[in-house]
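Subject: Structure for your files

Hello,

Here is the structure I said I would pass on. My notes come after it.

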Amino acid sequence: SREEVSVLEPLTRQLGAVIGSARALQEARTLSLVDGPTGLYNHRFLYDAVRRELAGARRRRSSLSLAILGVGGIEEFARQHGGGKDELLGLLADAVNGAARDTDTAARYGGGEFAVLMPDAVPGDGGEEEDAVAVALRIREAMEAVLRRQGLAGEEGAVSVGIAHWPGYARDAASLLEGAEWALRQAAGEEGRLAVAAADS
């Protein structure tokens with residue numbers, strides 16, 4: 001009846017407004033956790049993910065590794081090409097996602113740095129296909145291929161890798177991040193541009 005319709009119309013409008021607000025809130029929350037230029041998760045999301053995955057690794061008595069990959073030459077590339085930095089970061093992000101495992105979490109760490117959180121990746125020296133070093137080196141190779149295609153080679157197109165593990169080096173989420181950052185700084189001066197944080201670092 002007309003009376004029922006007149007009663008339902010305001011309720012329908014209110015319900016639509018509530019649903020719209022909920023969607024907007026969810027979209028805002030999603031955007032606050034995603035890096036714009038790359039579409040990867042951002043540093044804020046990564047820290048929460050490290051905490052969650054570390055709790056899971058403790059329960060499963062498993063392992064957790066974090067690699068931070070630092071890219072040289074991005075600022076120089078932007079200067080030489082009059083921009084294009086965001087496009088290059090997007091291409092690098094695609095390379096990271098494509099080379100990481102399905103179970104890994106990739107994030108933009110900041111600047112020209114990307115992070116990959118690797119649950120159940122065994123600490124190793126790259127000798128096994130699924131150990132953390134092997135996965136990180138595979139990701140680095142994919143990133144350097146992108147840089148070469150963009151005309152960045154040698155020192156400008158080099159990617160350094162720092163890795164930290166739990167258990168072993170890290171005690172908690174903060175020390176896992178700090179260990180990977182420390183290792184990345186060390187890697188920049190190492191032959192092979194790779195460093196792994198050790199318990200006595």
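This is a predicted model: local features need pLDDT of at least 70, side-chain atom pairs count only at pLDDT 80 or more; totals for chains, interfaces and linings use all residues.

Searching the whole structure turned up one aromatic pair. It is formed by Tyr 41 and Phe 45, whose ring centres lie 3.7 Å apart with the planes at 10 degrees; planes under 30 degrees apart count as stacked, so this pair is stacked. Tyr 41 is partly exposed, at 36% relative accessibility, whereas Phe 45 is buried, at 15%. Arg 52 sits over the face of the Phe 45 ring, 5.4 Å from its centre.

Phe 45 is one of the buried residues of helix H2, which runs over residues 43-60. With 18 residues at 1.5 Å each, H2 should span 26 Å, and the 25 Å between its end C-alpha atoms agrees with that. After H2 comes Arg 61, which has a positive phi, near 55 degrees.

The buried residues of H2 are Phe 45, Leu 46, Ala 49, Val 50, Leu 54, Gly 56 and Ala 57. Viewed down the helix axis they fall within an arc of 165 degrees, so they line one face of H2. They pack against strands E1 (64-71), E2 (105-110), E3 (113-119) and E4 (159-166), and against helix H6 (173-187). The face turned away from this buried side carries Arg 44, Arg 51 and Arg 59, which are exposed.

Regards

How values were computed
Residues are numbered from 1 along each chain as its sequence is written. Side-chain values use heavy atoms; hydrogens and water are left out. Rings of Phe, Tyr and Trp (its six-membered ring) pair if their centres lie within 6.5 Å; planes under 30 degrees apart count as stacked, over 60 as edge-to-face and the rest as tilted. Buried means under 20% relative accessible area, exposed over 50%, partly exposed in between (1.4 Å probe, protein chains only). A charge sits over a ring if NZ of Lys or CZ of Arg is within 6 Å of the ring centre and within 35 degrees of the ring normal. Helices (H or I, at least four residues) and strands (E, at least two) are DSSP runs, numbered from the N terminus. The expected span of a helix is 1.5 Å times one less than its number of residues. The arc is that of the directions from the helix axis to the C-beta atoms. Contact means heavy atoms within 4.5 Å.
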